[in-house]
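Hi,

Here is the structure I promised to pass on.

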Amino acid sequence: MAETKYIFVTGGVASSLGKGIISSSIGKLLQARGYSVTIQKFDPYINIDPGTLNPYEHGECYVTVDGHEADLDLGHYERFLGIQTTKANNITTGRIYKSVIDKERRGDYLGKTIQIIPHITDEIKRNVKLLGNKYKYDFVITEIGGTVGDIESLPYLESIRQLKWELGRNAVCVHLTYVPYLAAAGELKTKPTQHSVKELQSVGIQPDILVLRTEHDLSLNLRKKVALFCNVDETAVIQSKDQPTIYEVPLRMQEQHLDEIILRKVGLPVGETPALGPWRDFLDRRHRATEAVHIGLVGKYDLQDAYKSILEALSQAATYNDRKADIHFINSEKLNEQNVEEQLSPMDGVIICPGFGQRGIEGKFVALKYCRTHNVPTFGICLGMQCMAIEFARNVLGYADANSREMDEKTPHNVIDIMEEQKSITHMGGTMRLGAYECILKPGSRAMEAYQTDHIQERHRHRYEFNNDFKAEFEKAGMNCVGLNPESDLVEIIEIPTLKWYIGTQFHPEYSSTVLKPHPLFLSFVKAAIAQ
């Protein structure tokens, strides 16, 4: 059994350059060569996980099958590689410190003074190697969040320095930086990259490969200059130019032999270049699709990263339906009876977004009433599904005060509530249902038609549930509960079969949609929107 090889991906100059996409692309290319690969994200913030972070600060919170609230980059890893990540693939400084402090309280350190070096760095190194040791992957790619030069990422860089020293040829450092274009001078500037590499060298790390993010093509001379000033092989200076879609990036990296360079550096045979057939087919279909399908996204966050997985799932589903997804964000806080027609009538389909809390919820009810009465294909996800139930209770069952116990403690018609048996669940310190749960689908339902099976597993992230006391009444009035959890009998999917496509899911199907395996519900929804 060959030893696990470790690839570290760091970033400089600015954040949000796309370390996650580069990590995913490297993983994809190595996977296509038959290697087993996993990717992990180390985030320098002190939160235990991003579960409590405002999406404006950090984008969406992604949920793994084992119920861990994780960074949105794990979504990219899963979509690109078709793998499932777990809690072990996302580590924060908060978790590192908590683990060290817990050990100290137990007396594991035998009275030693606890310090950043060696105790914090040893804990980071242990986590870097955990997956490789446990599952014997050929490659473990570790992406370090933030930017070189941040105080908070120093312990991670020190750990990488030590690991590169310990692992020798089995470790490679890929550094991602930015080459800005100064319009006034008409020039691309390499100085920020030089500074960024100098900063990395000052903590004892010499990058093996540089990936330069840019909006313009970089000349050979410019790359030679960067190689010379940064002590990097000329062949190992790669450009990563803006692409029409992130899914192009693996092909651009392959054209510049990034995977071959890595294999040579870790002493593995290069072999044939993989054809990436299915991946290219996906991209060809995407380029050929000229007609757009217009989807309205009704939510309260004006930030696209807050709904990252939904946007990607829609874009994948549209591609497989030979359409372009044209997604229109509709702020639910600004939506009312007066402007709903003008906002929603141009849409082929509408998604009611997930979220927590009261803000923007009334606008979601307005949108749902419009979609239900105008027979617009509608997909409610998590809180979106709960809003479907509340709107139905208010406007069809006639309970004007119907609500979720989350929004109104005293509502007599609590169609959404925390169930008695759930009050005792203290999963991850809360009452949330997190991670993958079973669901049995009703034969003949639209949901089952989409999935083509009656037994599914989907990921959850919520605290409140559909109240089964109202189930019979809902079904009698035409909203069917077509997906149930076999253990708890909790409602997972609702639909109105008399409408073209009106489905709500208590779970988040978007988390499990990948490039080569788009999610069946999104495929079905987009198809209905096209027919619209």
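Glycine 380 has 0% relative accessibility, so it counts as buried. Bear in mind that this is a predicted model. Glycine 380 belongs to strand β15, and the residues it touches, leaving aside those up to four places away in sequence, are Ile352, Met385, Met388, Ile503, Gly504 and Thr505. There is also cysteine 353, 27 residues apart from glycine 380 along the chain, with 6.5 Å between the two C-alpha atoms.

Now the sheet around that strand. β15 is part of an open sheet of 9 strands with mixed pairing, and the order reads β13-β12-β14-β15-β23-β22-β21-β18-β19. The edges are taken by β13 (324–331) and β19 (455–462); each has a single partner strand, so one side of each has no neighbour in the sheet. From one strand to the next, the twist averages 30°. Helix α12 (residues 308–320) lies across β12 (292–299), β13, β14 (349–352) and β15 (378–381), and runs at about 150° to β13.

On to the other sheet I looked at. This one is open too, with 7 strands in parallel pairing, ordered β5-β2-β6-β1-β7-β10-β11. Its edge strands, β5 (90–92) and β11 (237–241), each pair on one side only. Direction ignored, neighbouring strands here are turned by 20° against each other on average. Strands β1 (residues 5–11) and β7 (residues 171–178) pair in the parallel sense over 6 bridges, and isoleucine 7 has valine 172 as its bridge partner in β7.

Two helices that pack on this sheet are worth a click. Helix α5 (residues 116–135) touches β1, β2 (37–43), β5 and β6 (139–144), and its direction makes about 160° with that of β2. Helix α8 (residues 220–230) touches β10 (209–214) and β11, with about 130° between its direction and that of β11.

α5 also has a helix partner. Helix α4 (residues 93–106) packs with α5 at an angle of about 115°, the axes being 10 Å apart, and the crossing is right-handed. On the α4 side the contact involves Ile96, Tyr97, Ser99, Val100 and Lys103, which meet Ile116, His119, Ile120, Glu123, Ile124, Arg126 and Asn127 of α5. By type, the residues of this contact divide into 6 nonpolar, 3 polar and 3 charged.

So what about the cores? The largest nonpolar core has 57 residues, and those with the most contacts inside it are Ile7, Ile26, Phe139, Val174, Ile209 and Trp279. Helix α1 (residues 19–32) gives the most to this core, with 5 residues. Apart from it lies another core of 42 residues, including Val366, Cys371, Val376 and Phe474.

Which residues does isoleucine 7 touch, not counting those up to four places away in sequence? They are Ile26, Leu30, Phe139, Val140, Ile141, Thr142, Val172, Val174 and Ile262. Val172 in that set is the bridge partner from β7 again.

That's my tour; over to you.

Cheers

Technical notes:
Residues numbered from 1 in each chain as written. Predicted model: local features only at pLDDT ≥ 70, side-chain atom pairs only at ≥ 80, totals over all residues. Heavy atoms only, no water. Core = buried A, V, L, I, M, F, W, Y, C linked by side-chain atoms within 4.5 Å. Buried < 20%, exposed > 50% of the residue type's maximum accessible area, 1.4 Å probe, protein only. Helix = DSSP H or I, 4+ residues; strand = E, 2+ residues; numbered from the N terminus. Contact = heavy atoms within 4.5 Å. Pairing = 2+ DSSP bridges. Axes fitted to C-alpha atoms, helices over the stretch in contact; angles between N-to-C directions. Left-handed = near helix turned anticlockwise from the far one by under 90°. Nonpolar A, V, L, I, M, F, W, Y, C, P; charged D, E, K, R; others polar.
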